[in-house]
Amino acid sequence: MFHWLLGLDKKLTGLTALQKGLLNAFAGGQSDSEAAQALGIGSTSTVRNHRFTLREKVKQAKLFLAVMELAEEKLQKAPLVAAMPLHQEIQVDGQPVVSGEENAEIISSYFKQGPDGPLLEFPRKHKRRTAILHQLIKRFVPGREYTEKEVNAILEEANPDYVTLRRYLIDHGLLDREEDGSRYWVRSQAGSGQDGNINGGIETMDKSKRKELGYNYAHSHRPMGVYRIYNSVNGKSLVGSSMNLDGAWNKHKFMLDAGLHDNKALQADWKTYGADAVTFEVLEQIKPEEEFIAEASETLKYRKPLAEMEERWLEKLAPYGENGYHRQK
């Protein structure tokens with residue numbers, strides 16, 4: 001039923017092709033990073049923005065439905081509206097500090113381009129700062145470790161004064177770090193003190209486990225290279241390259257299953273011959289110079305040799321016309 005409803009015309013659902021793809025990803029249990037990779041739409045913050053938009057659509061739809069029903073019943077009051085806060089309240093030490101309504105107003109006022117967009121300014125009032133800090137901490141993944149440079153880069157996307165934001169996140173007990181500042185992580189909490197500092201219910205992750213799950217994943221190379229999507233029925237091929245071969249086929253298959261692939265010929269054959277007729281094959285890989293990288297940006301140096309490798313395979317296989325899904329240059 002989910003897929004049938006999602007397949008209805010945009011005039012009925014009001015959903016774009018990208019929004020349908022995201023809903024498919026969410027229904028499949030994919031995380032924001034997995035959805036971003038599968039759909040090829042950039043960073044996880046972009047997915048979070050779309051997720052926020054879709055949730056707002058849900059709230060708007062529920063509210064509109066309630067208003068219409070009440071209007072048709074000619075009732076004078078609509079108590080349901082007051083029971084649907086746009087944002088959850090923020091509590092410190094079990095006591096509400098910022099109500100849901102206040103939180104929604106503060107976030108919309110200071111994040112003009114959405115909760116994951118830039119921060120207009122960092123206010124002086126404690127209540128507003130608290131709301132903004134609780135919004136900023138959502139940009140970090142619990143259980144993962146960050147270097148100070150990575151923390152600064154994430155916060156700088158919100159506001160150039162990342163030093164102040166970092167200090168207040170630590171002071172409010174939302175972000176923790178090693179004494180030497182070498183590692184940062186989100187502080188898990190179940191209770192907090194007067195200024196938001198944790199005083200109980202802390203669930204700390206074993207340091208060695210954090211390094212295994214966080215540092216190694218963030219700083220290890222993904223398989224890079226050239227691949228081919230091959231149709232065993234008609235012999236056609238689609239050649240491509242990726243900085244992450246593990247996710248390349250997932251992305252193509254996801255889009256093909258959803259009927260949203262940008263290569264119309266491949267999409268048509270997928271529908272005609274079925275998924276069993278199409279296979280994914282790694283043609284060649286780039287061996288990284290080292291097992292781990294100091295900074296994620298170092299991976300960019302492989303883009304040029306990867307593009308050259310793809311050109312060589314395109315020349316070798318010539319997947320054009322009857323032989324493939326590429327247009328002749």
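## Salt bridges

R166 and E148 are joined through their side chains in a salt bridge, with N to O at 3.9 Å; the term denotes a side-chain nitrogen of Lys or Arg within 4 Å of a carboxyl oxygen of Asp or Glu. This pair links distant parts of the chain, with R166 in helix α9 and E148 in helix α8, 18 residues apart. Helices (H or I, at least four residues) and strands (E, at least two) are DSSP runs numbered from the N terminus. R166 counts as buried at 13% relative accessibility, whereas E148 counts as partly exposed at 31%. Here buried means under 20% relative accessible area, exposed means over 50%, and partly exposed lies in between (1.4 Å probe, protein chains only).

The structure is a predicted model, in which local features need pLDDT of at least 70, side-chain atom pairs count only at pLDDT 80 or more, and totals for chains, interfaces and linings use all residues. Residues are numbered from 1 along each chain as its sequence is written, and side-chain values use heavy atoms, with hydrogens and water left out.

A search of the whole structure finds seven salt bridges. Another of them pairs R183 with E145, whose closest N and O atoms are 3.7 Å apart. Because R183 lies in the loop between β3 (175-177) and β4 and E145 in the loop between α7 and α8, this pair ties together parts that are 38 residues apart in sequence. E145 is buried, at 2% relative accessibility. A salt bridge also joins the side chains of R144 and E150 (3.6 Å, N to O); R144 is partly exposed, with a relative accessible area of 26%, while E150 is buried, at 14%.

## Nonpolar cores

The largest nonpolar core has 25 residues, of which L119, I132, F140 and L169 touch the most other members. Such a core is a set of buried Ala, Val, Leu, Ile, Met, Phe, Trp, Tyr and Cys residues joined through side-chain atoms within 4.5 Å. At least two residues of this core come from each of α6 (100-110), α7 (126-136), α8 (148-156), α9 (162-171) and β4 (184-186). The most is given by α7, with four residues.

Beyond its neighbours within four places in sequence, F140 is in contact (heavy atoms within 4.5 Å) with Y146, V151, I154, L155, L169 and V186. A second, separate core of 13 residues includes L6, L15, L39 and L54.

## Surroundings of H252

H252 belongs to helix α11 (residues 245-258) and is buried, with a relative accessible area of 12%. Residues up to four places away in sequence aside, H252 touches Y227, I229, L238 and H261.

The side chain of H252 makes a polar contact of 2.8 Å with the side chain of Y227. A polar contact of 2.8 Å also joins the side chains of H252 and H261. A polar contact is a pair of N or O atoms within 3.5 Å; within protein, one must be able to donate a hydrogen and the other to accept it, and residues adjacent in sequence count only if both atoms are side-chain atoms.

## Start of the chain

M1 is placed in the segment before α1 (2-6) and is exposed, with a relative accessible area of 71%. Together, M1, W4 and L5 make a nonpolar surface patch of about 400 Å². Patches are made of residues with over 30% relative accessible area and no salt bridge, with like charges joined within 9 Å and nonpolar side chains (Val, Leu, Ile, Met, Phe, Trp, Tyr) within 5 Å. Accessible areas come from the Shrake-Rupley method with a 1.4 Å probe, and for residues only the protein chains shown count as cover.
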